[in-house]
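Subject: Structure handover

Hello,

Here is the structure we discussed, for your files. My notes on it come after the coordinates.

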Amino acid sequence: MAFEPPRRLVRALGETAPDGDDWLAKLPEVAERAVAQRELTVERVQVPGGRSSLVVLVRTAEGAPAVLKLAPRRARPESERAALVHWGGLGAVQVREDSAEEGVLLLERLHPDVSVRSLPEAKALLEAAGTLRRLWVEPPAAHVFETVAERTGRQAEAMRAGAVADAEVAPLVDAALAARAELLAEPPERLLLHGTFRQSKVLAGDRMPWLAVGPDPVVGESAFDLARLVRDRVEDLIAQPSGASTTRRRIKRLAESLEVDQERLRGWTLFRAVESGVRARRVGREQDAELLLEFAGWL
């Protein structure tokens, strides 16, 4: 079978590696080898798929459904593997093999076309939040996961550069960076977090109704993880005349339901929205940038 990477993946990798990426060139060969070594039967490549990996629906030699996931080093697949192993299937997809081949994961098959996003908004938020809560555990004693301070430090540097190049976003960047500094001064906890959690990262399963996939794990406080969920369906929020008040109610509801400090959640929501908006503008996704920066302005 020819392993043609989905256009969404090619476009996303082009944004993060504008000078070229030999991982994409080697991908068909890597996929063929991973399938052959595991004696897998390929059903199909998942389309449109993710923005950082190739996902292939397969069956094992015993006929069991599974997912083969291939990701470049910069997507931190070994960090993903370590987090999934640590969670042990509680709230997240399970790893199906002990092999630690770099950039290759064999995972439990969920229902890839059924995410929690398919539910009505209020129910989707409730189910997603319940799934996220299960992931907030103590990290392994000798963990190698990036911390929230480290990740947002790299992001802050890029945001400052974006503000210099675009005076229009400078006030929002200043507010976001000030919020980050205050939030990192006294972090209340150090938990293992999903890192990139949103409704589309929660898929229907068989052993549990909903399970998280695709973590980019990080260690820090729960409010950082929950912040990305606040802006889910941002295009719908922006389209509502009451979008700003709906966002504030969402922050309050999510903070109360998961026992997270409301102001800390608001602060991380601001930082993450501005960071995403500045990054989208930098790579030419202007429509996404406008949505995210308008959303950030409500906070």
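The model is predicted, so local features need pLDDT of at least 70 and side-chain atom pairs count only at pLDDT 80 or more, while totals for chains, interfaces and linings use all residues. Residues are numbered from 1 along each chain as its sequence is written, and side-chain values use heavy atoms, with hydrogens and water left out.

Helices (H or I, at least four residues) and strands (E, at least two) are DSSP runs numbered from the N terminus. Two strands pair if DSSP finds at least two bridges between them. Contact means heavy atoms within 4.5 Å. Axes are lines fitted to C-alpha atoms, for helices over the stretch in contact, and angles run from 0 to 180 degrees between N-to-C directions.

Four-stranded sheet

Four strands make an open, antiparallel sheet in the order E1-E2-E3-E4. Strand E1 (41-45) and strand E4 (104-108) are at the edges with a single partner strand each, so one side of each has no neighbour in the sheet. From one strand to the next the twist averages 30 degrees. Strand E3 (residues 65-70) pairs with E4 over five antiparallel bridges, and Val67 has Leu107 in E4 as its bridge partner. H2 packs on this sheet and touches E1, strand E2 (54-59), E3 and E4, its direction making about 150 degrees with that of E3. Helix H3 (residues 77-87) also packs on the sheet, touching E3 and E4, at about 30 degrees to the direction of E4.

Three-stranded sheet

The order here is E5-E7-E8, again open and antiparallel. Strand E5 (111-115) and strand E8 (210-212) are the edge strands. E5 pairs with strand E7 (residues 202-204) over two antiparallel bridges, and Ser115 stands opposite Leu203 in E7.

Helix pair

The axes of helix H7 (residues 222-230) and helix H10 (residues 262-282) come within 8 Å and cross at roughly 65 degrees. By class (Ala, Val, Leu, Ile, Met, Phe, Trp, Tyr, Cys and Pro nonpolar; Asp, Glu, Lys and Arg charged; the others, Gly among them, polar), their contact has seven nonpolar, one polar and four charged residues.

Pocket

Helix H2 (residues 22-38) gives the largest share of the lining of the second largest pocket, three residues. That lining has six nonpolar, one polar and six charged residues.

Regards
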